[in-house]
Amino acid sequence: MNIKIIDSWLREYLETPAKQDIIAKKLSLTSVSVDRTEKIGNETIYDIEVTTNRPDLMSIRGIAQEASAVLPVEGITAKYIGKTAPLVTQPDISFPIEIVNDPELVNRIMAVIMEVEIGPSPKEISNRLELSGIRNLNNVIDVTNYVMREIGHPCHVFDYDLLNTKKMIIRKSKEGEELTTLDGKKYRLAGGDIVADNGRGEIIDLLGIMGTANSVVQDNTKRILFFLDNNNPKLIRQTSMNLGIRTEAAIINEKGIDPELMEEAFRRGVELYKQIAKGKVVTKTLDIYPNKSKTHNIKVDLEKINSLIGVEIPVKKSEEILTSLGFEVKKTGNSLDVKVPTIRASEVLIPEDIIEEIARVYGYHKLPSIVPGFNSNKTIAYENEFFFEERIKNALKYWGFTEANTYSLISEDMFDGPIDSAVKLKNPLTNDMEYMRNSLIPGLLKVIEENKSRDSVRIFELSNVYHKRTNDLPEEKMMLSGAIKRTGVSFYEIKGVIEQLLTDLGIQNYKFKEKGEPGADIFIGSDRLGYIEILNANLIDFELSFEIILKHATLKKIYKPIAKFPPLFEDITFVLGEGIKTEDVTEEIKLQSFLIREVSLKDQYENAKTFHIIYQAEDRNLTNIEIVEIREGIIKAISEKFEASVK
Amino acid sequence: MEDELIRIKNNAISMILDTNDPKELEEIKLQFLGRNGKLTAAMKKLPKINPSMRKEVGILANEVKETIEDAIKDKTHETKTLHTKANTKKIDVTNPGIKPPLGHLHPITQAISEISSIFERIGFTRVRYPEVEWDWYSFGALNFPEGHPARDDWETFFIDTKPSAKYGPMLLTPHTSSGQIREMENNKPPIRMLNIAKTFRRQSDVSHTPVFHQFETLFVAEKASITDLKGVLDYFTKAYFGHDRESRIRPYHFEFTEPSFEVDVSCGICKGKGCKLCKEGWLEMGGAGMVHPNVLKNAGIDPTKYSGFASGWGVERVLMMKEGLEIDDLRLLYSNKLDFLEQF
């Protein structure tokens, strides 16, 4: 969460000779990140990112206190000079509204009735609000915003006469209740929101988030109810996100702030009403405070401080730093006993939190950078899944494929199979990202579709798909998928890519088998590796299981002594019947002699297939006479088995 | 005799195939077919053999002679054209070459492999853990309190299924930090993990994509310290972005680390002086911190004995920072437009 802090305003709480750029730099290194400093006229504005654990820094007061602690460590004098506004006078008129609080909803309420004169704020205040990014409206409303920015506790103001009630019940909203916020927008509540009810069932405030139109300060407001509430942060977050109302008050309140801070804000508010709206306190102050802020002590081992930071920090330095941040420190034996200020009590809980305070203010930039020595009890094989992943991707790249990276989230129509079997999101961002994919193919086809100006596309992806399991996380399986689009693309082109890929991965015993639809099923041994799918004359895709690839992939090579005697080659052409598989023929040829080293399809014209046969013996030169015998055997076998004739 | 003839043939053929030199071919011809050549010598023995076999051997000898002559003729022709072409044909060196195919790896993949090799050099081993996770691994064990904003429906994707009694709701992990718990459950310190994975968050705008990638380091050892973390971050910064770049850590807040840091890298454009592209000379890179003792405990590691550090950054972010890519809409990275991918 970002906050704009005005330099001149800050200096009302901080006394330091440090220039703006120094303050910005030092704060960034040791406390909060000053994203930007901007000069407008005579003013410098710090744009500060406050982390969600430090809502106490969402104010001039908070930043001034931090700066007064961190600047001196860098050798710059700095002193916190904020003063709490005077006590609020208590006239002899009791507070006229009976407020029924629910301690589970609200930690503390402070309220008072004041007479005011409404009008524009003085220039100084309206300027500061504007430079802080806050809209200024009139003096009565401006005070609430001014106090929130200065002290850090949100406040609210009602038109007391418009409110016109003797009773205010703080309760949870019921589902379906409606209200109109002060900016005129209508909302229907989901239930469980913290609201104030005037005892007649009418909602008069959406606590901690925004006021309602029926009680808002008017141009002619005479009497106000100045009202501060400190609420249950979880409920505030829920309501604010549900309704989409992200006011600064809501953003601060949902983080939770110390109710102790309320008093300072309350007094400052009353003081400002007196100063700029001729405000006059007309009733006693109401203070309902069921959930007092608590604090605690933390014991920190001195040795632990040094070992976690990595260098030795002098004990005195640690004590100084903590004290300047508002902690109370006592050294006992080998440890520090640290009392946490209430404003930090919700987030400083363990010794490491204290060590963080010491280390950051000491300065992370003063610590050395040392790569820790190698020390591991785990040895990782070189050829692991990541090795093969990279090898496969590179192979495909050098064969002209481009890698796509599609979302794992898909629409219903991109799911392959009955949608009931899909892993479904409960809260999808959009309809086209409602399910987890179970195949990469639909995504790749979409990519091809979206690049339709290209006549020729070769793409692939190696990524997870997800399969639903009962009572367990889905099964995540890496798939290697690809597609080629080109006029007249051949099945053999994709098949060749897969064959070559498997060969490069040391896999030999693969088989392509016919499947019901155009394409092929692919097996390694008895494991189904995946498939090739011919979608049309110009589009073919494939999907392979990376898991099965990994199971068989190896870099191991088997060395066979290089043949001493040269091979002999021969081509035989058979005219084969329809439907006779090349592989069946080559297998049959191989069976004819152990001197046949290799058989491959060399050429094909209609039904005539030419086989290239390599003969080789390990121990001698083969003679033509031997070859003639084998050749005759081959011709006989093939002719008989497949009713083929030699051409 | 037959064997000798076959040997002569094979010998001659392999020599002929091996050469591209016309002079050498001439010599081979002499060696086999010349007056004192090997084949000529063998043929001279013909009359001495058994008459019953003489005819058959004679045919074979002639076959061998023809084969060798043909091979020499073919080769002579081949070498001639080879030489003429090389010597005489004009080439236009500005014509396009005949290129082997070349595709492109996705820039994210390229970044991941760079990141992996850098961390590998200092002993970090890459792992892979579930993308669809239980609340426990993504939030609970990482010390996120109940009701933390990240755990609500606005920020994290949840799976439409029954929650686990033990691990809570099922979700798409919004960060690679879930891998910290998985890693520590499965391994004893010392641990040096690098977890790179897809992560998911419920937002999509010019600077966010609902699916993105993170890389997470986890180091757990006795007395692991902030100076160790700084060492590793600095090593990565210099190795990935360049030796003249520096890193720094600033206070920040995360639920699962204590202390927590925001890591900056000095701006490569202005070299740390401050310019339009950076914040006062620095660019934000991502988060890091010392592993929160509750996280160690939740993963079964004794926080009184061990400490650790972790960092988790966006792959997209470091990629854009390194390449100085000025992509005005991050979603372009996942558009799968070939016009984009082919630039990498």
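These legends describe close-up views of charged side chains in a predicted model.

**View 1. A patch of negative charge on the surface of chain B.** B:Asp18, B:Asp21, B:Glu24, B:Glu26 and B:Glu27 gather here in a surface patch of negative charge, and helix H2 of chain B (residues 22–33) supplies the largest share of the patch, with three residues. B:Glu24 lies in helix H2 of chain B and is partly exposed, its relative accessible area being 38%.

**View 2. A salt bridge between A:Asp92 and A:Lys284.** A:Asp92 is exposed at 72% relative accessibility, whereas A:Lys284 is partly exposed at 32%.

**View 3. A salt bridge between B:Asp339 and A:Arg454.** The two side chains meet at 2.5 Å, N to O. Because B:Asp339 belongs to helix H11 (residues 338–341) of chain B and A:Arg454 to the loop between helix H14 (441–450) and strand E24 (457–467) of chain A, the pair joins two chains. B:Asp339 is exposed, with a relative accessible area of 57%.

**View 4. A salt bridge between A:Arg528 and A:Asp521.** The closest N and O atoms are 2.7 Å apart; A:Arg528 is partly exposed at 43% relative accessibility, while A:Asp521, at 15%, counts as buried.

**View 5. A network of salt bridges in chain A.** The linked residues are A:Arg54, A:Asp56, A:Glu66, A:Arg344, A:Glu347, A:Glu357 and A:Arg360.

Note on methods:
Residues are numbered from 1 along each chain as its sequence is written. Chains are lettered from A and ligands numbered from 1 in the order in which they are written. This is a predicted model: local features need pLDDT of at least 70, side-chain atom pairs count only at pLDDT 80 or more; totals for chains, interfaces and linings use all residues. Side-chain values use heavy atoms; hydrogens and water are left out. Patches are made of residues with over 30% relative accessible area and no salt bridge: like charges are joined within 9 Å, nonpolar side chains (Val, Leu, Ile, Met, Phe, Trp, Tyr) within 5 Å. Accessible areas come from the Shrake-Rupley method with a 1.4 Å probe; for residues, only the protein chains shown count as cover. A salt bridge is a side-chain nitrogen of Lys or Arg within 4 Å of a carboxyl oxygen of Asp or Glu. Lys and Arg count as positive and Asp and Glu as negative; His and the chain ends are not counted. The place of a charge is taken as NZ of Lys, CZ of Arg, CG of Asp or CD of Glu. Helices (H or I, at least four residues) and strands (E, at least two) are DSSP runs, numbered from the N terminus. Buried means under 20% relative accessible area, exposed over 50%, partly exposed in between (1.4 Å probe, protein chains only).
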